[in-house]
Amino acid sequence: MDKSIIRAKTLVEALPYIQMFNNKIIVIKYGGSAMIDAELKMSVIKDISLMKLVGIKPVVVHGGGKKISEMLVKIGKEPKFIQGLRVTDDETMEIAEMVLSGNVNKEIVQLFEKQGIKSVGISGKDGRSIIAKKKLLDGLDIGWVGEIDTIQTELITALIENDFIPVIAPIACDENNNTYNINADYVAGAIAAKLGAEKLIYLTDVEGVLRDVKDKTSLISKIKVDEIQRYKDDKIIQGGMIPKVDCCAESIKNGVAGVHILDGRVEHSILLELFTNSGIGTMLMP
Ligand SMILES: Nc1ncnc2c1ncn2[C@@H]1O[C@H](COP(=O)(O)OP(=O)(O)O)[C@@H](O)[C@H]1O
Ligand SMILES: CC(=O)N[C@@H](CCC(=O)OP(=O)(O)O)C(=O)O
C-alpha cells in the first residue's frame, strides 16, 4: 500500500483518541534515563509538541538523575542511593539544583521553543508550587531529600491556561527556605493527582516493569495496585522502579484514571500509547 495511504489510515484511526483527550491534562514524567542522546530527546519533545497541537494540555515533570551523578563523579564524589533515593548532603543538594533547575530544565524549554511550542521552565520553588518537608527512610536521615507536603497549582494552572507547557524540575523548599531534592517520580504523581490529570505517563529506560530486568521480553503489561508489594517483596521490583510504582499506586488512589510506565527510548512511545489500540509498556490498575 502507498505510504501516504497508510499514514492517512493511521490518522483516521487516531482521530477518536485525539478527540477523547481534547483539553485534558496529561502529565509526563521524563526521566533522566530516557534523555540519553540528542535524537531521542528531540523525538520525545516532538511527540509532546504534537499532543499540544492537537488540543491536549501536557505538563512535563523531568528528572536528570544520571546527569547529577555524572557531575558528582566529575568533582570526585561517589553518588549514593538508598531504595532508589539519592543520599543528598549539602554539596550534592547544590549540584542537584544546578543540574535540574538550571541545565536540564532550560534545555527542555529550549527544545520546545525550537518546535515553536510555548513552554516555561520552573522548579517547585517558583510560585511556591511545591512545599516540601524532610523525608526519613524508615527513620533514616538521608540528607536534603524531600517529600511533598503541599502542591499549590496556581502558577502551573496559569501557565496551562495561557497556552504554555509547564516544565517542572523536582526541587522545592520548606517553610524555612531549606532546599530539598525530591525524586521526580513523586513530583509527577502528586502534580497529576492535584491537577486531576487524565493520564500520568512515566518515560524511562526500560520496556516497562519486567519480571526479570535482564530479559526485555519479560514485560508485565498490567499490574494491580495490590500486587505491587508482592513484586517488591519478591525483589522483582527494585531500585529506581520502586519510587515509580509507589507513585503510580498513589496517583491511582488519588483519582488519576490511567497510569503507564513506558520505554522512553522507543520512538513515539507516548503517541502509540495514547492514540492507538496497541498499548505498550506497563499499565497500573486499581
Ligand atoms: N522489575 C523491574 N523492571 C524494570 N526495571 C527495573 C525493575 N526493577 C528495577 N528496575 C530498574 O529501574 C530502572 C528505572 O528507574 P530509574 O533508573 O530511576 O529511571 P528514571 O531515570 O527514568 O526515573 C531501570 O533501568 C531498571 O534498572
Ligand atoms: C531524592 C532523589 O533521588 N532525587 C532525584 C531527583 C532527580 C530524578 O528523580 O531523576 P530521574 O527521574 O532521572 O531518576 C536524584 O537526585 O536523582
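**How to read the model**

Residues are numbered from 1 along each chain as its sequence is written, while chains are lettered from A and ligands numbered from 1 in the order in which they are written. Since the model is predicted, local features need pLDDT of at least 70 and side-chain atom pairs count only at pLDDT 80 or more, whereas totals for chains, interfaces and linings use all residues.

The score called pLDDT is the predictor's confidence in each residue, from 0 to 100. Here the protein averages a pLDDT of 93, and 97% of the residues score at least 70. Where pLDDT is low, the predicted coordinates should not be read in detail. For the complex, the predictor gives an ipTM of 0.96 and a pTM of 0.94.

**Two domains**

The protein is divided into domain 1 (24–203) and domain 2 (206–253); such bounds come from an automatic or database domain assignment. Taken over C-alpha atoms, the centres of domain 1 and domain 2 are 21 Å apart. Their contact takes 12 residues from domain 1 and 9 residues from domain 2, where two residues are in contact if their C-beta atoms, placed from the backbone, lie within 7 Å.

On the side of domain 1 that touches domain 2, the elements giving two or more residues are α6 (184–195) and β11 (199–204). Helices (H or I, at least four residues) and strands (E, at least two) are DSSP runs, numbered from the N terminus. The largest share of this side, 6 residues, comes from α6.

**The sheet and its helices**

Let us turn to the strands. An open sheet is formed by 8 strands in the order β5-β8-β2-β1-β11-β13-β14-β12, with mixed pairing. Two strands pair if DSSP finds at least two bridges between them. At the edges are β5 (119–123) and β12 (222–224), each of which pairs on one side only. From one strand to the next, the twist averages 20°.

Strand β11 runs parallel to β13 (residues 258–263), joined by 6 bridges, and Leu200 stands opposite Val259 in β13. Val259 also has a bridge partner in β14, namely Leu284; β13 and β14 pair in the antiparallel sense over 3 bridges. Finally, β12 and β14 (residues 282–285) run parallel and are joined by 3 bridges, with Lys224 opposite Met285 in β14.

Which strands does helix α2 lie across? Helix α2 (residues 38–53) lies across β1 (25–30), β2 (57–62), β8 (165–169) and β11, running at about 150° to β2. Helix α4 (residues 90–114) also packs on the sheet, touching β2, β5 and β8, and its direction makes about 170° with that of β5. For these angles, axes are lines fitted to C-alpha atoms, for helices over the stretch in contact, and angles run from 0 to 180 degrees between N-to-C directions.

**Around the ligands**
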